[in-house]
Each structure stands twice: as C-alpha cells, then as structure tokens.
Amino acid sequence: MIRKECLLSIEAGSLYLFNEKNKIMATKKTKSKQESKSDKNEKTTKEMKNSPLHKFFIEGLQDIYYAEKVLVNALKKMQEAATTDELKEAFEEHQHQTMRHRERIEKVFRSLDEEPKEKDCPAMDGLIKEAQEVISNTEEGTMTRDTALIIAAQKVEHYEIASYGGLAQLAITMGHRKAADLLEKTLAEEEDTDYLLTEIAETSINFEAEEEK
Ligand SMILES: [Fe+2]
Ligand SMILES: [Fe+2]
C-alpha cells in the first residue's frame with residue numbers, strides 16, 4: 001500500500017509532515033548544520049575510542065612505552081659490560097636515544113588525547129634477561145662478549161622495529177597523521193641502530209672474537 005504523505009516544509013528549524021488533506025501528521029525539530037556536524041564529530045571520536053582496533057593500538061603504545069623504560073637501564077648495564085670503546089659508545093648513544101623515544105611516545109599519546117600509561121611487556125623483559133645471561137656467560141674484556149652483546153642488542157632492536165613499524169602503519173590506517181610521523185621517526189632511528197650494530201660486528205669484532213682461545 002502506498003502512503004500518500006508528503007513533506008511540505010522545513011521552517012524555523014522544524015520539519016512538518018502533512019497528509020493529503022493538509023493535516024499536520026508530525027513535526028520534528030531539525031538541527032542546524034553546525035549542530036549536526038559537532039554531534040557527528042563527537043560521535044566519531046567516541047566511536048573511534050571504543051573500537052577494538054583503537055584499544056589494541058593504545059595497548060601497543062603502552063607496551064613499547066614500558067619497553068623503552070626498562071631498556072634505558074639495560075643499555076647502561078650493557079655499556080658497562082662491553083669490551084670495546086666502539087660498542088660502549090654505541091650503547092651510550094642509544095641509551096640517550098631511548099630516553100627520547102619514550103618522550104616521543106608521550107607525544108603520541110597526547111596527540112590522541114590519551115594519558116601516557118605503561119603495560120608490562122614480557123617480550124622485552126625476556127630479551128633483557130637474555131642480555132644479562134650473555135654478560136654472565138662470557139668473560140669480561142673479551143671480544144666474544146661484544147659479539148654476544150651485539151646479537152642480544154639486535155634482538156631488542158628487531159622487537160622495537162616490529163612494534164614501531166606495525167604501530168606506524170596502524171596510525172596511518174586510522175588517520176592519526178601526527179602519531180604516524182612520530183612513530184616513523186623512532187622507527188628510522190631503531191633501523192639505523194640495527195644497521196650500526198651490524199657494521200660494528202662485521203668490521204672487526206666478530207673476526208677478533210674468532211681468534212680468541
Ligand atoms: Fe627505542
Ligand atoms: Fe632501540
């Protein structure tokens with residue numbers, strides 16, 4: 001059955017619905033464009049914050065925020081334990097960089113209107129434990145220790161590269177341009193560190209370690 005209702009006017013912010021005998025059947029308040037737009041934005045932000053992907057993204061940030069904190073201390077121990085000045089300097093430089101990475105994550109949180117929070121990262125705790133074992137299982141002042149420390153540090157870098165790479169891509173997907181830029185900046189620094197460690201190992205340390213009796 002076809003209903004013969006017709007919409008005749010939208011006046012003074014109200015919408016009037018008439019039937020064929022010109023009898024008003026219903027009125028409905030309409031919203032100004034500005035009101036509708038702000039409602040939509042509010043809803044979008046709320047919806048976005050409740051989405052499972054957003055929650056996962058924030059948890060990922062909390063994970064790496066924690067990881068960077070525990071790493072500062074671990075890198076200090078690795079620097080003290082290293083044999084060569086070259087590796088000591090690399091660890092020292094990366095320790096300062098790691099503190100900046102943590103500050104950068106705080107900026108990411110703020111850009112998303114979220115409080116910086118940490119979430120335990122068992123993976124990073126495990127990688128740091130492994131680095132500590134390397135120190136206990138190798139002799140002080142040897143190149144073998146440096147070789148082993150480089151590998152332990154590269155495992156850490158690869159965890160960070162995977163984390164920042166994934167989070168930066170998610171930020172792009174979700175339209176968080178500022179967060180993506182910040183995460184990509186740190187990603188590039190982690191990749192540079194990984195590359196530098198490979199270079200240090202392959203230039204001399206691995207060869208000298210091989211000579212050790
Ligand atoms: Fe880092
Ligand atoms: Fe790193």
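Biologist: Why are H3 and H5 called roughly parallel to each other?

Modeller: Bear in mind that this is a predicted model. The axes of H3 and helix H5 (residues 143–173) cross at roughly 20 degrees. Angles under 35 degrees count as roughly parallel, so H3 and H5 get that label. Their axes come within 13 Å, and H3 passes H5 in a left-handed crossing.

Biologist: Which residues in H3 and H5 meet?

Modeller: From H3, Leu87, Phe91, His94, His101 and Ile105 take part. On the H5 side they meet Asp146, Leu149, Ile150, Ala153, Glu157, Glu160 and Tyr164. By class, this contact of H3 with H5 has seven nonpolar, two polar and three charged residues.

Biologist: What makes H5 and H6 roughly antiparallel?

Modeller: Again the angle decides. The axes of H5 and helix H6 (residues 177–211) cross at roughly 160 degrees. Angles over 145 count as roughly antiparallel, and H5 and H6 are therefore described that way. The axes of H5 and H6 come within 8 Å, and their crossing is left-handed. The contact of H5 with H6 has 18 nonpolar, nine polar and nine charged residues.

Biologist: Why give both an angle and a distance for two packed helices?

Modeller: Because two packed helices are described by the angle between their axes and the distance between the axes.

Biologist: Let's turn to salt bridges. How do you know that Lys69 and Glu118 form a salt bridge?

Modeller: Their side chains meet with N and O 3.0 Å apart. The cut-off is a Lys or Arg side-chain nitrogen within 4 Å of a carboxyl oxygen of Asp or Glu, so the pair of Lys69 and Glu118 qualifies.

Biologist: What parts of the chain does the pair of Lys69 and Glu118 link?

Modeller: Distant ones: Lys69 is in helix H2 (residues 52–81), while Glu118 sits in the loop between helix H3 (85–111) and helix H4 (122–137). Lys69 and Glu118 are 49 residues apart.

Biologist: And what makes Arg102 and Glu118 a salt bridge?

Modeller: The N to O value for Arg102 and Glu118 is 3.1 Å, which is again set against the 4 Å cut-off.

Biologist: How many salt bridges does a search of the whole structure find?

Modeller: Eight.

Biologist: Why is Thr186 called buried?

Modeller: Thr186 has 1% relative accessibility. That is set against the limit of under 20%, so Thr186 counts as buried. Its place is in helix H6. Not counting residues up to four places away in sequence, Thr186 touches Glu68, His101, Arg104 and Tyr164.

Biologist: And what makes Glu133 partly exposed?

Modeller: Glu133, in helix H4, has a relative accessible area of 42%. The value falls between the 20% and 50% limits, so Glu133 is partly exposed. Glu133 and Ala152 are 19 residues apart in sequence and 9.7 Å apart in space, C-alpha to C-alpha.

Biologist: What pattern does the protein chain follow along the sequence?

Modeller: The pattern is β-β-β-α-α-α-α-α-α, with six helices and three strands. Of the 213 residues, 39% count as buried.

How values were computed: Residues are numbered from 1 along each chain as its sequence is written. Chains are lettered from A and ligands numbered from 1 in the order in which they are written. This is a predicted model: local features need pLDDT of at least 70, side-chain atom pairs count only at pLDDT 80 or more; totals for chains, interfaces and linings use all residues. Side-chain values use heavy atoms; hydrogens and water are left out. Helices (H or I, at least four residues) and strands (E, at least two) are DSSP runs, numbered from the N terminus. Axes are lines fitted to C-alpha atoms, for helices over the stretch in contact, and angles run from 0 to 180 degrees between N-to-C directions. Angles under 35 degrees count as roughly parallel, over 145 as roughly antiparallel, 65 to 115 as roughly perpendicular and the rest as oblique. A crossing is left-handed if the near helix is turned anticlockwise from the far one by less than a right angle, and right-handed if clockwise. Contact means heavy atoms within 4.5 Å. Ala, Val, Leu, Ile, Met, Phe, Trp, Tyr, Cys and Pro count as nonpolar, Asp, Glu, Lys and Arg as charged, and the others, Gly among them, as polar. Buried means under 20% relative accessible area, exposed over 50%, partly exposed in between (1.4 Å probe, protein chains only).
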